[in-house]
Amino acid sequence: MTNTADEEVLDVLILGAGFGGLHSLHRLREEGLKVLAIEAAPDTGGAWYWNRYPGARCDVESLAYCYTFSPILDAEWKWTERYAGRDEICRYLQWVADRLDLRKDIRFNSRLTKAAFDKASGLWEFETENGAHYRARHFLSSPGPISAPIMPNIPGLDTFRGEVIHTARWPETYPDFAGKRVGIIGTGSSGTQVIPIVAEQCGHMTVFIRTPNFHAPARNRPLTQNDYDWWEQNRDLTRDRLQNCLRWGGGDLMLDDSINDAMFRKASEFTDEERREIYESRWECGGGVVGWAFCDAMIDKDVNEEAANFLRSKIKTIVNDPDVAETLTPKGFAYGTKRCTVGTDFYETFNRDNVDLIDVKTSPIERFTETGAIVDGREIPLDFLICASGFDALTGALTVIDVRGEDGRSLAEVWGNGPHTYLGISVQGFPNLYMIGGPGSPSVLTNVVMTNEMQVDWIADLICYTEKNGYKRCETTAEAQDTWTQHVNDLVKGNLWETADSWYVGSNVPGKPRVILAYVGGYGTYKARCTEDREQGYPGFRFS
């Protein structure tokens with residue numbers, strides 16, 4: 001990578017202009033550092049910018065899925081729905097960028113292709129797809145943990161003459177589905193949101209399902225003045241509860257206190273009837289919190305199975321065809337080991353006359369032709385194929401870029417047998433590189449915005465410590481990295497997390513090592529560990 005001598009040296013270059021990137025830019029500028037953010041999209045939004053498919057919506061309640069670091073932002077923005085849709089989230093981040101005057105330090109339409117640490121100068125050198133070059137002392141990566149989409153690997157897909165659309169790369173010009181035959185692969189979070197809407201718009205839909213997930217209704221609705229009055233009175237208490245929850249720290253706000261409080265107690269403290277009432281209350285409230293009713297839901301197999309059976313039982317009460325209901329019923333893995341999906345009218349959609357369901361485990365897609373998909377020797381004609389086929393989660397957003405450390409090895413090579421990090425933030429051999437939402441952190445198992453905020457402040461403190469003490473290099477030690485990675489892996493050994501093949505362990509990507517990618521110890525435990533490291537003077541790092 002070449003650079004000209006007059007190129008300006010930044011203190012920090014930030015990758016991404018989503019929730020983590022914008023907050024990082026604001027915080028580091030407030031510290032007096034020279035900072036620049038680069039973003040592949042033409043505007044803010046991060047992963048939300050690209051996920052413009054119909055029905056795209058957050059599964060964390062909007063009152064909790066927002067910044068807390070700024071009283072100004074907190075006071076001025078008002079969400080319109082309980083669960084914010086993609087467009088409103090993008091408007092929120094655009095407004096934040098304008099309100100905090102961040103755009104002047106963001107370079108949009110700048111997809112990073114190369115990043116290399118130069119040992120001689122102690123600088124990171126960057127190159128973008130459009131040929132721009134930058135140099136910086138520190139590299140803060142915040143591309144989003146689920147921002148690298150993957151396509152299904154099915155013979156003949158490249159010969160299909162219909163339109164192929166990945167939900168994470170939805171076209172700006174909305175497709176005309178009227179009277180058309182639509183196939184959709186994937187029934188994860190994106191699939192369960194897009195299926196009901198497109199089914200109403202198209203002539204016929206064929207859903208190809210491999211592994212049904214646990215699913216719960218969102219019960220989305222407009223927020224009222226009464227909701228905001230309640231929020232004003234309970235905001236601080238609610239945030240404190242969420243941020244200090246030792247396990248998950250999600251965004252479940254609308255439950256009665258008695259139901260919410262149960263999640264801090266074991267299931268055995270309640271009678272069978274009481275537990276059933278708690279599950280029913282959570283189901284009626286809606287959201288992805290139904291199975292997290294008790295603190296031992298991911299520890300005690302019997303408690304987990306009870307929650308799973310409750311959700312399974314609901315399918316047969318909604319879906320009319322018993323065979324279809326059975327195909328939609330999750331089996332063979334514990335609740336929570338795959339992300340529970342949240343949506344509106346997902347199960348109800350399979351009662352429509354224009355919707356068919358095909359179990360590709362028993363009847364796989366053999367190949368695609370120019371005009372459709374071959375299943376069990378017959379062709380299913382298609383005009384569109386929607387791929388809700390997921391992401392190369394947590395690692396893919398960085399390994400898709402040529403990121404090289406001081407010895408010239410790429411991050412993809414170093415992580416070839418699975419990611420090794422310290423706190424999900426730092427990688428040995430890659431000085432002055434910091435990750436928000438990296439592998440080994442709990443972000444995707446929590447309210448991501450809340451975890452991002454904590455990591456942004458922690459990383460900013462670390463960078464400021466490095467700068468104020470005159471150090472040029474900040475790098476985790478091999479011992480700290482190995483100890484943390486072993487701890488992350490040990491947490492899932494012999495328990496429910498080992499029962500499922502999911503993107504949590506990378507099994508959705510062919511050839512990717514099957515290891516736990518996220519820290520399952522919970523947000524509160526993770527936050528306490530990071531705080532301890534900072535208060536002890538960062539013993540997990542080596543400065544020079």
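In this predicted model, the structure holds 45 aromatic pairs. One of them joins Trp-77 and Trp-95. Trp-77 sits in the loop between α3 and α4 (86-99), while Trp-95 belongs to helix α4, so the pair ties together parts that are 18 residues apart in sequence. Trp-77 counts as buried because its relative accessibility is 17%, under the 20% limit.

A second aromatic pair is formed by Phe-177 and Phe-384. Here the centres are 4.8 Å apart and the planes stand at 70 degrees; angles over 60 count as edge-to-face, so this pair is edge-to-face. Phe-177 lies in the loop between β7 (163-166) and β8 (181-185). Phe-384 is in strand β16 (residues 384-387). The pair thus links distant parts of the chain, 207 residues apart. Both partners are shielded by the burial criterion: Phe-177 is buried with a relative accessible area of 1%, and Phe-384 is buried with 7%.

Aromatic residues also group into a cluster. Its members are Phe-19, Trp-48, Tyr-65, Tyr-67, Phe-69, Trp-77, Trp-79, Tyr-92 and Trp-95.

Charged side chains were examined next. The count comes to 38 salt bridges. Asp-74 takes part in a salt bridge with Arg-235, with the closest N and O atoms 3.9 Å apart. Asp-74 is in helix α3 (residues 71-76) and Arg-235 is in helix α6 (residues 225-243). These two residues are 161 residues apart, and their pair links distant parts of the chain. Asp-74 has 16% relative accessibility and counts as buried. Arg-235, at 15%, also counts as buried.

Asp-74 has another partner, Arg-239. The N to O distance in this salt bridge is 2.7 Å. Arg-239 lies in helix α6 and Asp-74 in helix α3, 165 residues apart, and this pair too links distant parts of the chain. Both Arg-239 and Asp-74 are buried.

Arg-473 and Glu-475 meet in a further salt bridge, at 3.0 Å from N to O. Arg-473 is buried, with a relative accessible area of 19%. Glu-475 counts as buried at 1% relative accessibility. Elsewhere, salt bridges that share partners join Arg-27, Glu-31, Asp-457, Asp-461 and Arg-534 into one network.

Helix α14 (residues 448-468) and helix α16 (residues 523-535) pack at an angle of about 5 degrees, with their axes 11 Å apart. Angles under 35 degrees count as roughly parallel, so α14 is roughly parallel to α16. On the α14 side, the contact is made by Met-450, Thr-451, Met-454, Gln-455, Asp-457, Trp-458 and Asp-461. On the α16 side, the residues are Tyr-523, Tyr-526, Lys-527, Cys-530, Thr-531, Asp-533 and Arg-534. By class, this contact has 6 nonpolar, 3 polar and 5 charged residues.

Val-505 is in the loop between α15 (478-490) and α16. Val-505 is buried, with a relative accessible area of 5%. Apart from its neighbours within four places in sequence, Val-505 is in contact with Ala-500, Pro-513, Arg-514, Val-515, Ile-516 and Leu-517. Val-505 and Lys-338 are 167 residues apart in sequence, yet their C-alpha atoms are 9.6 Å apart in space.

Two non-glycine residues have positive phi values. Phi of Arg-219 is near 55 degrees. Arg-219 lies in the loop between β10 (215-217) and α6. At 34% relative accessibility, Arg-219 counts as partly exposed. Phi of Asp-376 is also near 55 degrees. Asp-376 is found in the loop between β14 (372-375) and β15 (378-381). Asp-376 counts as exposed because its relative accessibility is 53%, over the 50% limit.

Technical notes: Residues numbered from 1 in each chain as written. Predicted model: local features only at pLDDT ≥ 70, side-chain atom pairs only at ≥ 80, totals over all residues. Heavy atoms only, no water. Axes fitted to C-alpha atoms, helices over the stretch in contact; angles between N-to-C directions. Helix = DSSP H or I, 4+ residues; strand = E, 2+ residues; numbered from the N terminus. Parallel < 35°, antiparallel > 145°, perpendicular 65-115°, else oblique. Contact = heavy atoms within 4.5 Å. Nonpolar A, V, L, I, M, F, W, Y, C, P; charged D, E, K, R; others polar. Salt bridge = Lys/Arg side-chain N within 4 Å of Asp/Glu carboxyl O. Buried < 20%, exposed > 50% of the residue type's maximum accessible area, 1.4 Å probe, protein only. Phe/Tyr/Trp six-rings, centres within 6.5 Å; stacked < 30°, edge-to-face > 60°.
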